[in-house]
Amino acid sequence: MNEIILRVRELKKNFNRRLVFDKLNFEVKSGERLVITGKNGSGKSTLLKILAGVLTESSGSVEYILNQKKIDRENIYQIIGLVSPYLVLYDEFSAFENLSLFAKIRNLKISDDEINKILTRVGLLERKNDLLRTYSSGMKQRIKYASAILHNPLILLIDEPTSNLDIEGKNFVEDLILNFREDGFVIIATNESQDFKYGNRIINLDEYKNNKNK
Ligand SMILES: Nc1ncnc2c1ncn2[C@@H]1O[C@H](COP(=O)(O)OP(=O)(O)O)[C@@H](O)[C@H]1O
Ligand SMILES: [Mg+2]
């Protein structure tokens, strides 16, 4: 079985003079589910973007170690699935085309059948040929989940897991998180207390500001 470790050391992020967080240290390993919480603007989305490799830290380090080998930063996208409000979907393409495009960008060989299976899992098979611009925000959120799990990632990073989802969508998310592959881990950023149950550990970013944010 794989063992994956995320090691965050002395992580700091500022945007010009605004400090978002500082001296952040934690580790996450296979089998864990970590919740990141904190007020609006505390840096949850910023942290997830850094962990996903789409934003760079100001100082400190983020390392992913798979079976005792450090993974190069440019390859981490292959083992990470990201669900985020900042993720861009293509409104003028259908759901099926969005997923197929996502697979191509990741250089994955995925059959139409597999895409259909994932669309079934997120409950959107019948709507697969509709353009994304005709989708509701909850349906788009489901497509973000579909694109995040398409490549069977070891790591799921989920920013605002249940935003826009109905009960059925929330049940899907709960099942996905609680039954995620045992050799992987999940990090969930949220300030909804009803989402805290998804984690077995919690980090509050409000505790990582040693300066005033002004
Ligand atoms: N691209 C950016 N440029 C400048 N400031 C930013 C940028 N992105 C985020 N911030 C600031 O960083 C802080 C943390 O934002 P964010 O990570 O979105 O918080 P959260 O997700 O916890 O609500 C906020 O003060 C926000 O204004
Ligand atoms: Mg956010």
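## Salt bridges

In this predicted model, R7 and E27 form a salt bridge whose closest N and O atoms are 2.9 Å apart, the term meaning a side-chain nitrogen of Lys or Arg within 4 Å of a carboxyl oxygen of Asp or Glu. Because R7 lies in strand 1 (residues 4–15) and E27 in strand 2, the pair ties together parts that are 20 residues apart in sequence; strands here are DSSP runs of E with at least two residues, and helices are runs of H or I with at least four, both numbered from the N terminus. A search of the whole structure finds 13 salt bridges.

## Ligand 1 and its shell

The residues around ligand 1, each with a heavy atom within 4 Å of it, include F15, R18, V20, K39, N40 and Y86. Strand 2 (18–29) and helix 1 (44–52) each supply at least two residues of this shell, and helix 1 gives the most, with three residues.

Oxygen atoms of ligand 1 make polar contacts (pairs of N or O atoms within 3.5 Å): one lies 2.6 Å from a side-chain N or O atom of T46, and one lies 3.0 Å from a polar backbone atom of G43. Taken alone, ligand 1 exposes 560 Å², of which the protein buries 60%, with accessible areas from the Shrake-Rupley method and a 1.4 Å probe.

## Basis of the values

Residues are numbered from 1 along each chain as its sequence is written, while chains are lettered from A and ligands numbered from 1 in the order in which they are written.

Key:
This is a predicted model: local features need pLDDT of at least 70, side-chain atom pairs count only at pLDDT 80 or more; totals for chains, interfaces and linings use all residues. Side-chain values use heavy atoms; hydrogens and water are left out. A polar contact is a pair of N or O atoms within 3.5 Å; within protein, one must be able to donate a hydrogen and the other to accept it, and residues adjacent in sequence count only if both atoms are side-chain atoms.
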